[in-house]
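Hi,

Here's the structure I said I'd pass on. Have a look at it first, and then read my notes below.

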Amino acid sequence: AAPEGNRTQQRAVARSKAQPIDLNQPGFIRLGDFLEMLPVSRATFYALIEAKIYPAPVKLGPRAVGWRNSHAQELIRRIENGTLLTAGPYGDHGDVD
C-alpha cells in the first residue's frame with residue numbers, strides 16, 4: 001500500500017532521514033531545507049527575497065531552484081549576529097552587492 005499523507009509530508013519525512021546539510025561544502029540548498037533553518041514562513045521568506053533582504057534563488061533546472069550554500073550560510077550568520085538589515089542588500093542573483 002502507498003504511504004499515507006500528502007506529498008509535502010512525504011518529502012519532509014524523506015528529508016528527516018537524509019544526511020544533515022553541510023553549508024560549508026560547495027553546493028545548493030533547496031527551499032524546504034532552507035526554511036527549516038530560518039525563523040520565517042515561506043511567504044515571508046519570498047517577501048524578504050523581493051525586498052532584497054534574503055538572497056535570490058538560482059535556477060537549477062526547468063522546475064527547480066536552490067540557494068548557494070555560501071549564501072545560506074551568510075544569511076544565517078547575519079541573522080545570528082543581528083546584522084541582517086545593516087549588512088546591505090542582496091543583488092538580483094543572490095550575490096551580495
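R77 is partly exposed, with a relative accessible area of 37%. Keep in mind that this is a predicted model. The side chain of R77 meets that of E74 in a salt bridge, at 2.5 Å from N to O. E74 is partly exposed as well, at 23% relative accessible area. Why can these two reach each other along the chain? R77 and E74 sit three residues apart in helix α4 (residues 69-81), so about one helical turn separates them.

E74 has another partner, too: R78 forms a salt bridge with E74, and the closest N and O atoms there are 3.3 Å apart. Here the spacing is four residues within helix α4, so R78 and E74 are again separated by about one helical turn. Is R78 buried or exposed? R78 is buried, with a relative accessible area of 2%, which is under the 20% cut-off for that label. Taken together, E74, R77 and R78 are linked in a network of salt bridges, and the structure holds two salt bridges.

Now for the strands. β2 (residues 58-61) and β3 run antiparallel and are joined by three bridges. They form a hairpin with two residues between them, and G61 stands opposite A64 in β3.

Cheers

Notes:
Residues are numbered from 1 along each chain as its sequence is written. This is a predicted model: local features need pLDDT of at least 70, side-chain atom pairs count only at pLDDT 80 or more; totals for chains, interfaces and linings use all residues. Side-chain values use heavy atoms; hydrogens and water are left out. Two strands pair if DSSP finds at least two bridges between them. A salt bridge is a side-chain nitrogen of Lys or Arg within 4 Å of a carboxyl oxygen of Asp or Glu. Buried means under 20% relative accessible area, exposed over 50%, partly exposed in between (1.4 Å probe, protein chains only).
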